[in-house]
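I opened the coordinates with a notebook beside me and wrote down each item as I looked it up. The entries follow the order in which I went through them.

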Amino acid sequence: MKKIIKNKTFDFERSLYGISDTLVDSCEFAGPADGESVLKECSNICVDNCKFSLRYPIWHAKDFTLKNSVLDSLTRAPLWYCSGGEIQNCTVESIKCLRECKNIQIFSSHLNSDEFGWRCRNVKIKDSEINSVYFLFESSNIKIDNLKMSGKYSFQYTKNIHINNSSLDTKDAFWHGQNITVENSVVKGEYLGWFSKNLTFINCKIIGTQPLCYCKNLKLINCAMEDTDLSFEYSDVKADVRGNIVSVKNPASGVICADSIGETIYEDSVINCRAKIKIRH
């Protein structure tokens, strides 16, 4: 870095607008002027050990690192339209974090952001914890490893997702998602994966009512299911399930194999349901 800005406080609008090749170290962005967009249009910057309490701080940034920093609840919509960024060991307590960004990596961070990661591309998340109501809405090309995630309507309208070694506590996850693989993970929630296409679970535990309905090319490989009643309605499915499924209702096509199924329901179907049900002996 050609320039270092250290131990400073900034509170006016666009205070470091357009800087490049700069290390911003141990600075605070807060104060009575309450200025917006403090680091807008920056490039090749490293922001280390900083505190943010102003709106829209990092927009249109390119090739940046944000690490060891805190963005509090006053830091509304902190990262939009950014590319080539790395977020390490940060705490974010701000709504609408990460919007329409690309080529972003997140490591060892804790984020509370109700609308996290909307319409983003090429995002990697590792060793992190994220709480979000609408997580990664309409995003694509996402790789996730060792994530603890809680929320409600996660991964809706997403494409090309790979998730490994994670815990997802979420309702209505993966609705209308396409080309998604989840491995070695626990997925807990209601109405999982409805209207998805090419959704695959490998070595996973799936928990919650009415999962995996209206799916196309759904696969479960060596998975377990808990409290999963009314599963697979109108889905095209190939499922290899260890243990019990509470109930299966009107599966459209494919094969469902489990150690036991509490109830198989064929009633009120509006299509010809012809999936094969196999009980492992």
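**Entry 1: surroundings of Lys62**

Leaving out residues up to four places away in sequence, I found that Lys62 touches Cys42, Ser43, Asn44 and Ser83. I placed Lys62 in strand S8, which covers residues 62-67. I also took the C-alpha separation between Lys62 and Lys40, which are 22 residues apart along the chain, and it came to 9.9 Å.

**Entry 2: the whole chain**

I note here that the model is a predicted one. I looked up the secondary structure of the protein and found zero helices and 26 strands. Along the principal axes, the C-alpha atoms fill a box of roughly 70 × 30 × 25 Å. For contacts in the protein with a separation of 6 or more, I looked up the share held by residues 24 or more positions apart, and that share is 6%.

I then turned to burial and surface: 49% of the 281 residues of the protein count as buried, while the accessible surface comes to about 12,300 Å², with 44% of that area belonging to carbon and sulfur atoms. For the charges, I recorded 35 positive and 34 negative side chains, with the centres of the two sets 6 Å apart.

In which sense do S24 and S25 pair? I found that strand S24 (residues 236-249) and strand S25 (residues 253-265) pair in the parallel sense, over eleven bridges. Within that pairing, I noted that Asp236 has Ser253 in S25 as its bridge partner. S25 also pairs with strand S26 (residues 276-279), in the parallel sense and over four bridges, and there I found Val255 standing opposite Lys276 of S26.

**Entry 3: the nonpolar core**

I looked up the largest nonpolar core and found that it has 71 residues, with Phe29, Leu39, Phe174, Phe201, Leu220 and Phe232 as those having the most contacts inside it. The largest share of this core comes from S24, which supplies five residues.

Not counting residues up to four places away in sequence, Phe201 touches Phe174, Val182, Val187, Leu192, Ile206, Leu212, Leu218, Lys219, Leu220, Ile221 and Cys223.

**Entry 4: two positive phi angles**

As background for this entry, most residues other than glycine have a negative phi. I therefore looked at Leu136, which is not a glycine and yet has a positive phi of about 60 degrees, and at its accessibility, which is 0% in relative terms. Leu136 lies in the loop between strand S15 (121-132) and strand S16 (140-151).

Is Leu136 buried or exposed? Leu136 counts as buried because its relative accessibility of 0% falls under the 20% limit. Setting aside neighbours within four places in sequence, I listed its contacts as Phe116, Gly117, Ile142, Ile144, Phe155, Gln156 and Thr158. I also noted that Leu136 and Arg119, 17 residues apart in sequence, are 7.0 Å apart in space, C-alpha to C-alpha.

The other residue I looked up here was Asn165, which is not a glycine either and has a positive phi of about 55 degrees. I placed Asn165 in the loop between strand S17 (159-164) and strand S18 (167-169). At 41% relative accessibility, Asn165 counts as partly exposed, because that value lies between the 20% and 50% limits.

Methods: Residues are numbered from 1 along each chain as its sequence is written. This is a predicted model: local features need pLDDT of at least 70, side-chain atom pairs count only at pLDDT 80 or more; totals for chains, interfaces and linings use all residues. Side-chain values use heavy atoms; hydrogens and water are left out. Buried means under 20% relative accessible area, exposed over 50%, partly exposed in between (1.4 Å probe, protein chains only). Contact means heavy atoms within 4.5 Å. Accessible areas come from the Shrake-Rupley method with a 1.4 Å probe; for residues, only the protein chains shown count as cover. Lys and Arg count as positive and Asp and Glu as negative; His and the chain ends are not counted. The place of a charge is taken as NZ of Lys, CZ of Arg, CG of Asp or CD of Glu. Two strands pair if DSSP finds at least two bridges between them. A nonpolar core is a set of buried Ala, Val, Leu, Ile, Met, Phe, Trp, Tyr and Cys residues joined through side-chain atoms within 4.5 Å.
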